[in-house]
Amino acid sequence: MVFKKRILLGVISALVAGGGLLGCADQVEDQVADQQSESVHPHWPALTSGIAKDPEIESRIDALLEKMSLEEKIGQMIQVEIRFATPDEVREYHIGSILNGGGAFPNNNKHASVADWVALADEYYRASVDTSDGGVAIPMIWGTDAVHGHNNVIGATLFPHNIALGAAQNPALMRKIGEATAAEVSATGIEWVFAPTLAVVRDDRWGRTYESYSEDPELVRAYAGELVQGMQGAPGDQELLNGKRVVGTAKHYIADGGTENGIDRGDAIMSEADLIKYHAQGYFSAIEAGVQTVMASFSSWNGEKMHGHKYLMTDVLKERLGFDGFVVGDWAGHQFVNGCSNVSCPQAVNAGLDMFMAPDPNWRELYKNTLAEAKSGEISPARLDDAVRRILRVKLRAGLFEAGLPSTRPHAGDESLIGAAEHRAIARQAVRESLVLLKNNDQLLPLARNQRVLVAGDGADNIGKQSGGWSITWQGTGNENADFPGATSVYGGINEVVAAAGGQVELSVDGSFEEKPDVAVVVFGEDPYAEMQGDIANVNYAGASDLALLKKLRDQGIPVVSLFITGRPLWVNPHINASDAFAVIWLPGTEAGGVADVLFQDEAGNVNFDFTGKLTFSWPGDATPALHNRGESDAAAQFAYGYGLSYGEGMELALLSEESGLQPVSGNGTLAVFNGRALDPWSFEVIDATNTRSTIASSVSELNGIRVQSVDRNVQEDSRRLQWNGQGNAIAGFFANQRTDLSGFVSNQGALIFDVKVDAAPSDAVILGMNCGMDCGAEQPITDLLKGAAQGEWQTLAVDLKCLAEAGGKMDLVLSPFYVRTAGELDMTVHNVRIAQTGAAKVSCG
Ligand code: BGC
Ligand code: BGC
């Protein structure tokens with residue numbers, strides 16, 4: 001049940017995020033059709049993959065394709081997740097690939113050993129090459145999210161997240177990181193990594209901003225190829241995909257970082273020229289470096305989901321850009337394509353998706369349906385063979401047919417590679433180079449070692465916090481220091497240098513101390529988050545208790561150094577003002593000893609390592625959601641792209657403005673959502689029973705499972721009649737491409753209120769919901785209320801916002817304040833939807 005609800009929320013979220021069709025869905029489709037019939041846009045370069053086609057491999061593929069049954073071919077195109085498919089099922093269905101999602105481990109054991117990982121790889125491998133049923137032996141390929149080191153594995157080296165690596169501005173370092181990551185991944189018997197992320201994030205409210213190297217495409221392009229070559233080995237080199245290396249993934253194709261308002265899985269609305277200029281650059285160098293897989297993005301381009309985008313996946317990527325590896329989907333992302341569901345999406349295959357990521361128990365259904373679609377010709381034999389050919393090509397290039405059991409491969413089982421000293425040294429270098437110094441008044445830094453140092457703040461000795469999302473667990477939550485053996489916290493690094501020099505360190509999260517320190521280093525900032533859960537409404541860093549701590553220390557005459565842990569630029573002016581020195585340390589990962597390397601002088605009292613990190617994201621001057629990006633709209637940046645102090649610059653930073661620019665959130669009066677028409681920013685949209693979404697602009701719309709008509713109550717067309725016919729689940733409601741903050745209403749007895757008239761009572765459950773993004777929202781059944789309503793009579797229903805908040809709705813991030821869904825029959829008319837105070841909530845919570 002819970003699972004089902006999550007899927008529905010997901011579908012709704014996709015509508016929200018991909019929303020803003022603005023009544024021109026058809027227009028967008030026409031445009032795409034035009035593009036397909038024409039040649040591709042001239043700004044796309046004609047590229048060739050860094051790894052040339054090998055005639056011998058191609059003829060081996062021919063021979064394999066000849067022998068494979070249709071069932072075996074479909075199996076190659078389905079990637080299953082280790083929590084939802086056993087090795088036996090891999091054998092039975094001839095599954096071509098497995099993955100472990102964020103926070104998924106062998107035997108569901110977070111502390112699984114290297115041997116456990118390898119043993120599981122062996123089991124799946126054996127199943128994949130088992131020919132006892134007369135089939136062809138095709139080794140499976142295992143993919144994992146080693147996005148900052150092998151981050152699902154206990155004891156692995158966790159490199160700083162990409163935003164920090166960007167600040168280091170050192171492309172050559174990316175190659176070293178890629179190679180070290182490949183070594184740790186191959187030690188666990190895994191062959192494929194879902195990295196690098198090549199997002200060029202334009203709106204930093206996106207919860208995946210830290211997975212991006214820069215808001216500037218130039219740097220992303222400079223990094224992408226280097227990281228790919230580090231992971232896979234360089235084309236022409238003996239090491240290329242030789243078993244000590246892994247297959248890389250350029251993701252998420254394309255414009256994942258360009259969605260409106262930074263909404264996860266949202267819609268990137270822009271011209272093709274801008275798409276190429278900003279969001280494609282990383283792919284160019286990745287392809288030239290020979291990247292072997294590309295992951296489709298959850299997001300849309302001008303309203304069309306990438307998983308179904310033939311022009312961009314096939315005409316551009318595979319034809320113009322010369323990409324001859326395979327395209328993998330992202331976490332059942334095919335389900336959001338118009339007309340598709342989680343278990344059926346020939347549209348995606350026909351558009352160019354080669355491998356479905358099918359990470360839930362429904363993969364069996366997807367397999368069956370895809371098989372049927374191949375049999376019926378809905379997926380053409382040519383497309384099918386092309387998809388399988390690409391998958392086999394990558395497996396052959398990676399030497400998987402010759403590699404044998406995972407446990408017998410060069411690095412397999414070598415525990416010494418996990419968190420190896422050389423890898424940690426690379427990570428520590430990356431930390432040192434990524435730190436960005438924003439303020440250093442009176443040249444407080446670098447600090448002498450032999451002083452009395454207070455280390456405070458909740459990030460001081462908190463390796464989970466300093467590592468961020470995608471760290472052991474998916475969201476990076478629920479970890480303790482013991483989950484990171486061999487790691488060094490910020491405090492740990494400071495303690496090492498100071499203690500060795502005869503100074504004294506006191507660790508005290510709340511800043512209280514036994515003896516007055518000479519200096520305080522306060523480590524604070526964002527708590528871990530990852531995709532979906534990390535989106536925010538504005539770039540304010542609230543951190544009131546951190547601010548109080550800084551002020552308390554300063555009031556006692558103690559010089560304060562602030563170290564800010566963050567996955568994105570946030571407005572933090574009050575904290576900067578309350579500090580003598582302020583450095584952004586991003587999400588440094590497990591080797592935070594690199595922080596002390598820079599913060600403290602060497603033993604002789606000279607600069608040990610200087611600050612060399614520069615902002616590769618412009619830093620905001622207030623907390624409003626205005627965009628700040630290099631070269632444009634960056635006038636209001638507090639610290640421009642490229643900013644970052646070095647020692648000895650002697651720059652005194654004057655007090656910064658403490659005007660956040662945010663308007664107090666109103667919780668009074670009435671906020672109209674619909675009064676005859678949908679009010680800004682919302683539009684009235686429907687996802688019909690075939691999972692096709694549309695913005696309702698005409699007065700009568702006949703859709704699958706639902707009919708929508710404008711009707712009169714008091715004045716002409718002031719209401720909407722919604723008639724569900726029981727032919728499948730359909731959703732109708734008000735959706736936006738931007739967030740609305742309703743939190744003021746929550747604390748002020750606010751309610752969602754609407755008038756409704758029931759003409760035919762529901763035959764099945766009816767759900768009223770609000771949505772705040774992917775997997776974010778609250779739903780309440782209103783079935784009984786509608787059933788009990790006097791037929792044909794208007795009544796007013798209300799639901800307390802507090803109740804929606806308690807049910808999981810983030811009321812400051814509202815995308816849809818109101819939708820209704822049912823799979824049954826229902827005839828009801830809705831009038832006047834608004835947010836206002838009421839004492840009369842009719843929809844009860846729970
Ligand atoms: C993320 C991808 C990731 C995949 C597998 C998705 O939700 O968007 O970046 O590779 O999950 O965990
Ligand atoms: C899973 C993670 C996965 C993520 C991708 C979560 O529900 O537990 O393993 O990476 O979804 O979206």
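**View 1. A six-stranded open sheet with mixed pairing, in the order β12-β17-β16-β15-β13-β14.** At its edges stand β12 (436-440) and β14 (504-507), each of which pairs on one side only. From one strand to the next, the twist averages 15 degrees. Axes here are lines fitted to C-alpha atoms, for helices over the stretch in contact, and angles run from 0 to 180 degrees between N-to-C directions. Helix α19 (residues 490-500) packs on this sheet and touches β13 (452-456), β14, β15 (519-525) and β16, with its direction at about 160 degrees to that of β14. Helix α20 (residues 544-555) packs on the sheet too, touching β13, β15 and β16, and its direction makes about 175 degrees with that of β15. Contact means heavy atoms within 4.5 Å. Within the sheet, β16 (residues 560-565) and β17 (residues 581-584) are parallel partners over four bridges, and Val561 sits opposite Ala581 in β17. Two strands pair if DSSP finds at least two bridges between them; helices (H or I, at least four residues) and strands (E, at least two) are DSSP runs, numbered from the N terminus.

**A note on the model.** This is a predicted model, in which local features need pLDDT of at least 70 and side-chain atom pairs count only at pLDDT 80 or more, while totals for chains, interfaces and linings use all residues. Residues are numbered from 1 along each chain as its sequence is written, chains are lettered from A and ligands numbered from 1 in the order in which they are written, and side-chain values use heavy atoms, with hydrogens and water left out.

**View 2. Strand β1 (residues 78-81), covered on both faces.** Ile78 and Val80 on one side, and Gln79 and Glu81 on the other, are all buried (under 20% relative accessible area, with exposed over 50% and partly exposed in between; 1.4 Å probe, protein chains only). Three bridges link β1 in parallel to β11 (residues 356-358), where Met357 stands opposite Gln79. Another three bridges, also parallel, join β1 to β2 (residues 97-100); there, Val80 has Ile98 as its bridge partner. Look for helix α5 (residues 87-93), which makes a right-handed β-α-β unit with β1 and β2: with the strands pointing away from the viewer, the path from the first strand over the helix to the second runs clockwise.

**View 3. Helix α6 (residues 114-128) and its cover.** The end C-alpha atoms of α6 are 21 Å apart, which agrees with the 21 Å that its 15 residues should span at 1.5 Å a residue; the expected span is 1.5 Å times one less than the number of residues. Among its buried residues are Val114, Trp117, Tyr124 and Tyr125. Their cover includes α5, β2, β3 (141-144) and α8 (171-187).

**View 4. An antiparallel open sheet of six strands, in the order β22-β21-β26-β31-β28-β29.** Each of β22 (693-695) and β29 (776-781) has a single partner strand, so one side of each is left without a neighbour in the sheet. The twist averages 20 degrees from one strand to the next. Six bridges join β28 (residues 766-773) to β29 in the antiparallel sense, with Gly773 bridged to Cys776.

View 5. The chain averages a pLDDT (the predictor's confidence in each residue, from 0 to 100) of 94, and 95% of the residues score at least 70.
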